[in-house]
Amino acid sequence: YIHDVTVREVHQLTLKWPSLEVSRKREIEDKLIQIFNQMHIPLNYWSISLFLWICAKTDNANVHNNFDLIKLYVDELLDVRNYLNTSNFAVTFDDLKSYIGALAVEIMQNDYALSDAELTTFTETYIASHAKFTDNPIDIINYLFEKGILSRDVAGGKISIRLKGVFEYFI
């Protein structure tokens, strides 16, 4: 069960995170809360843990600003290492992110949601107009569902990008 947590619970989790340097914990906590508020990312244990994990394994040289940290967050959501090492897709990771950006614009232009048919048609049209894409549209769509980038509204069956912050990143 994923539920929102308070700033105090974020503080407690940050303090308990074993692989963060003690001297950086407060700075990381402040940056995390700032980014989550800016990008409308929900404060829950899953998303906070992902950010703390990224911060713990990334040295300061790689994170110069909030955008760098959000880029790392999106890369982890999309499972960049696994994609690059074991992916059966012919498309590069950067080209996949370009597709998601175009998809975000399409979703925005269609009242922030697409039907299955609209998503499939958009993906087929996008692939046809980009020679680098030789993958099956359904495989790409399924990958985005598996990674939690896309979600389906249970009531209406419409599809959108699950997290507002991720949506805004791709716009």
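**Reading a predicted helical model**

Q: Where does Tyr112 lie, and what is its phi?
A: Most residues other than glycine have a negative phi. Tyr112 has a positive phi, near 65 degrees. Tyr112 sits in the loop between α6 and α7; helices here are DSSP runs (H or I, at least four residues), numbered from the N terminus.

Q: How is a ring pair described, and how many aromatic pairs does the structure hold?
A: A pair of aromatic rings is described by the distance of the centres and the angle of the planes. The structure holds seven aromatic pairs (ring centres within 6.5 Å; the six-membered ring for Trp). One of them joins Phe36 and Phe51, with centres 4.8 Å apart and planes at 70 degrees. That makes the pair edge-to-face (over 60 degrees; under 30 is stacked, the rest tilted). Phe36 is in helix α2 (residues 25–39) and Phe51 in helix α3 (residues 45–57), so the pair links distant parts of the chain, 15 residues apart. Phe36 is buried at 1% relative accessibility. Phe51 is buried at 0%.

Q: Which residues form one aromatic cluster?
A: Tyr99, Phe122, Tyr126 and Phe133 do.

Q: Which residues have the most contacts inside the largest nonpolar core?
A: Leu32, Ile48, Tyr73, Leu78, Tyr99, Leu103 and Leu144 have the most, in a core of 54 residues. Its members are buried Ala, Val, Leu, Ile, Met, Phe, Trp, Tyr and Cys, joined through side-chain atoms within 4.5 Å. Helix α6 (residues 93–109) gives the largest share, seven residues. Ile48 is in contact (heavy atoms within 4.5 Å) with Val5, Val10, Leu13, Leu32, Phe36 and Leu43, leaving aside neighbours within four places in sequence.

Q: How do I read helix packing, and at what angle do α6 and α8 cross?
A: Two packed helices are described by the angle between their axes and the distance between the axes. The axes of α6 and α8 (residues 137–146) cross at roughly 85 degrees and come within 12 Å. Axes are lines fitted to C-alpha atoms, for helices over the stretch in contact; angles run from 0 to 180 degrees between N-to-C directions. From α6, Leu96, Tyr99, Ile100 and Leu103 meet Ile140, Ile141, Tyr143 and Leu144 of α8.

Q: What does Leu119 contact?
A: Leu119 belongs to helix α7. It is buried, at 2% relative accessibility. Apart from neighbours within four places in sequence, its contacts are Tyr99, Leu103, Leu114, Ile141, Phe145, Leu150 and Ile159. From Leu119 to Glu106, the C-alpha distance is 9.0 Å, across 13 residues of sequence.

Q: Where is Glu21 found?
A: Glu21 is in the loop between α1 (7–16) and α2. Glu21 is partly exposed, at 48%. Its C-alpha atom lies 37 Å from that of Ser160, 139 residues apart along the chain.

Technical notes. Residues are numbered from 1 along each chain as its sequence is written. This is a predicted model: local features need pLDDT of at least 70, side-chain atom pairs count only at pLDDT 80 or more; totals for chains, interfaces and linings use all residues. Side-chain values use heavy atoms; hydrogens and water are left out. Helices (H or I, at least four residues) and strands (E, at least two) are DSSP runs, numbered from the N terminus. Buried means under 20% relative accessible area, exposed over 50%, partly exposed in between (1.4 Å probe, protein chains only).
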